[in-house]
Amino acid sequence: YGWLNMVAAPDLREQLRSLVQSGSARVVVDLSGVESIDSSGLGALISGLKAARNAGGDLRISGPNTQVMAVLELTNLNRVLKPV
């Protein structure tokens, strides 16, 4: 289990960018192994969402725990980062 924070966020951002550039505009990010998320992690997800939408697709999340959902709700990002 891990943290989606300023250490992990750049890798996620790059993986999402690479996926979208390779033609996968419909992306699902599995958050079931994420214990905690910070603003850097949220930024990486939003960056991936923008890239996917610009390519005509979308980004969804799956398996967020209660802490991650609480952060999404607190920031109102639950409106755009929707679970599948």
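This is a predicted model: local features need pLDDT of at least 70, side-chain atom pairs count only at pLDDT 80 or more; totals for chains, interfaces and linings use all residues.
Residues are numbered from 1 along each chain as its sequence is written, and side-chain values use heavy atoms, with hydrogens and water left out. Arg17 has a relative accessibility of 35% and counts as partly exposed, a class lying between buried (under 20% relative accessible area) and exposed (over 50%), as computed with a 1.4 Å probe on protein chains only.

A search of the whole structure for salt bridges, defined as a side-chain nitrogen of Lys or Arg within 4 Å of a carboxyl oxygen of Asp or Glu, returns 3 of them. One of these joins Arg17 to Glu14, with 2.3 Å between the closest N and O atoms. The two residues lie 3 residues apart in helix H1 (residues 9–21), and are therefore separated by about one helical turn; helices are DSSP runs of H or I with at least four residues, numbered from the N terminus. Glu14, with a relative accessible area of 39%, is likewise partly exposed.

Arg53, Asp58 and Arg60 are linked in a network of salt bridges. Asp58, at 16% relative accessibility, counts as buried, whereas Arg53 is partly exposed with a relative accessible area of 43%, and Arg60 is partly exposed with 31%.
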